[in-house]
Amino acid sequence: MYYKGFYHLFYQYNPKGAVWGNIVWAHSVSKDMINWIPLEPAIVPSKPFDKYGCWSGSATILPGNKPVILYTGIINNKPAPGYQVQNYAIPANYSDPLLREWIKPDDNPIVKPTSENVSSFRDPTTAWFNNGHWKMIVGSKYKQRGIVYLYRSRDFRKWTKAKHTLHDKPDTGMWECPDFFPVSPRGSKGLETSVLGRKIKHVFKVSLDLTRFEYYTIGTYNPITDKYYPDKNSVDGWAGLRYDYGNFYASKTFFDPAQNRRILWGWANESSTSFEDVTKGWAGIQLIPRKVWLDPSGKQLLQWPIRELEKLRCDRVHLSSKKLNMGDVVEVKGITAAQADVEVVFKFSNLDEAETFDSKWSELPSENLAMEICGMKGTTKEGGLGPFGLLTLASSNLQEYTPVFFRVFKTLDKKYKVLMCSDAKPSSLNQNEYKPSFAGFVDVDLAEKKLSLRSLIDHSVVESFGEGGKTVITSRVYPTLAVGGDAHLYLFNNGTQTIIVEKLNAWSMNKPQFMN
């Protein structure tokens with residue numbers, strides 16, 4: 001949240017080690033979301049209503065610029081993973097812009113499960129206000145039906161459960177970390193969470209415990225009935241849209257009133273072993289904050305790294321009109337390849353070489369179709385129009401590299417499907433790591449015969465934004481050779497169609513002045 005000139009990040013943290021457990025609400029503050037100063041934890045287990053853990057939740061700014069936190073407290077370790085209730089906390093001193101001390105009033109918990117699943121009842125959202133009531137939702141499940149229960153309050157302390165859910169869906173399992181917010185039908189400015197309007201769309205997001213991916217729909221919220229209805233063309237379930245098709249979970253958005261934008265922030269866990277996490281002394285990262293807004297088509301969201309990140313850029317390298325024939329691998333020199341920001345536009349003269357989209361692939365599960373194709377094809381298998389893109393975090397002899405690339409297919413009805421991959425399989429010689437072939441399709445008009453890519457490379461993470469943020473993929477990778485000064489960055493093409501690098505801008509990235 002943003003309060004009195006500072007961005008506040010509260011995050012799930014184990015002060016006792018680099019493994020899950022002993023969860024508190026750690027607290028850091030920033031002026032720009034790039035440089036962060038850690039403070040004392042805001043909320044720690046201390047009372048009967050959170051004795052066994054202070055789990056995830058949200059912040060809401062009440063009238064008079066008064067922040068309040070809603071969070072899940074664990075009151076008993078059984079039934080596993082814990083008996084869950086919803087609590088609130090308020091600042092001890094509203095005049096302190098750092099909000100260093102928080103009070104947990106004794107009238108907690110404010111929401112207790114009655115008929116709900118007591119061990120799957122968590123993660124209250126940022127609240128919104130209409131028709132004289134505050135509204136908030138809590139993630140849950142009934143058998144395998146994913147659910148968000150709706151609660152209403154006039155004073156933010158006494159909450160009443162609605163007779164119906166805001167939304168639910170069978171066969172999706174537990175809905176963690178739900179998020180619900182309005183988006184403007186045009187332009188990239190964000191909206192405060194309570195904004196309503198005839199043309200305003202709403203986004204509903206859940207983190208699915210069963211798949212460990214996040215899914216969202218775009219739809220309509222009826223403030224009279226307090227129901228959410230996904231648009232007909234917005235797939236509701238495992239095959240739906242994702243913020244990120246890679247290592248990205250438990251995200252939250254907030255409205256930034258200082259810049260009139262909505263910020264999305266996600267967490268990436270490690271793909272290394274627990275032993276390696278303990279050895280290095282830390283586990284889990286927050287990814288780069290992203291501005292998020294509705295695509296002009298109205299069918300999906302767009303995401304882009306916040307512009308404050310660009311303050312870390314230095315040592316720019318520029319290329320233009322560089323031809324990539326089949327088999328070409330061209331090094332981008334002059335930057336620190338292990339810590340870089342790369343923007344590139346690829347161009348091709350025609351679509352004739354696009355491979356035929358295999359009809360048998362339609363039999364694969366639609367929710368993992370892109371991953372399956374990326375895993376089968378990869379970078380080493382020659383194609384027609386692609387694979388082409390970047391080899392990030394590469395060793396000099398290409399024993400290790402993390403490719404981020406496009407591959408274009410032609411369907412039987414003479415349309416085109418653009419596949420974007422971030423393939424961790426060749427990323428490391430260490431065989432103990434989880435190295436998936438993450439992928440997603442890019443909904444793009446190829447009339448201009450161009451595709452753009454931006455990759456943020458930071459030692460063990462590669463965040464990639466396809467076609468202006470239509471498709472985003474994050475990979476966690478742990479090279480053994482392509483480390484620090486021994487990491488390289490390459491352009492490549494392994495398709496029969498010649499690719500032109502219309503323009504490339506790459507920067508070394510400085511470290512922030514203050515790091516958490």
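1. In what order do the four strands of the open sheet stand? The order is 5-6-7-8, and the pairing is antiparallel. Strands here are DSSP runs (E, at least two residues), as helices are (H or I, at least four), numbered from the N terminus. Two strands pair if DSSP finds at least two bridges between them. Strand 5 (54–62) and strand 8 (102–103) stand at the edges with a single partner strand each, so one side of each has no neighbour in the sheet.

2. A word on the basis. The model is predicted: local features need pLDDT of at least 70, side-chain atom pairs count only at pLDDT 80 or more, and totals for chains, interfaces and linings use all residues. Residues are numbered from 1 along each chain as its sequence is written, and side-chain values use heavy atoms, with hydrogens and water left out.

3. Look inside the sheet next. Strand 6 (residues 66–76) and strand 7 (residues 83–91) run antiparallel and are joined by seven bridges. Asparagine 76 stands opposite tyrosine 83 in strand 7.

4. The structure holds 31 aromatic pairs. Among them, tyrosine 7 and phenylalanine 254 are edge-to-face, at 6.3 Å centre to centre and 65 degrees between the planes. This pair links distant parts of the chain, strand 2 (residues 6–13) and strand 18 (residues 249–256), with the two residues 247 apart. Rings of Phe, Tyr and Trp (its six-membered ring) pair if their centres lie within 6.5 Å; planes under 30 degrees apart count as stacked, over 60 as edge-to-face and the rest as tilted.

5. Is tyrosine 7 buried or exposed? Tyrosine 7 is buried, at 3% relative accessibility. Phenylalanine 254 is buried too, at 15%. Buried means under 20% relative accessible area, exposed over 50%, partly exposed in between (1.4 Å probe, protein chains only).

6. Phenylalanine 357 and tryptophan 361 have ring centres 5.1 Å apart and planes at 85 degrees, so this pair is edge-to-face. Phenylalanine 357 is buried at 9%, and tryptophan 361 is buried at 10%. The charged end of lysine 417 sits over the ring of phenylalanine 357, 5.6 Å from its centre. For such a placement, NZ of Lys or CZ of Arg must be within 6 Å of the ring centre and within 35 degrees of the ring normal. Arginine 212 lies over the face of tyrosine 249, at 4.1 Å from the ring centre.

7. Tyrosine 416 lies in strand 29. Its relative accessible area is 34%, so tyrosine 416 is partly exposed. Leaving aside residues up to four places away in sequence, tyrosine 416 touches residues including Leu351, Ala354 and Leu446. Contact means heavy atoms within 4.5 Å.

8. Helix 2 (residues 369–377) has buried residues: Leu369, Ala370, Met371, Ile373 and Cys374. Their cover includes strand 16 (213–222), strand 28 (402–410), strand 29 (416–423) and strand 30 (437–442). Just after helix 2, glycine 378 takes a positive phi of about 60 degrees.

9. Which strand gives the most to the lining of the second largest pocket? Strand 30 does, with four residues. Strand 22 (301–305), helix 2 and strand 29 are among the elements that each supply at least two.
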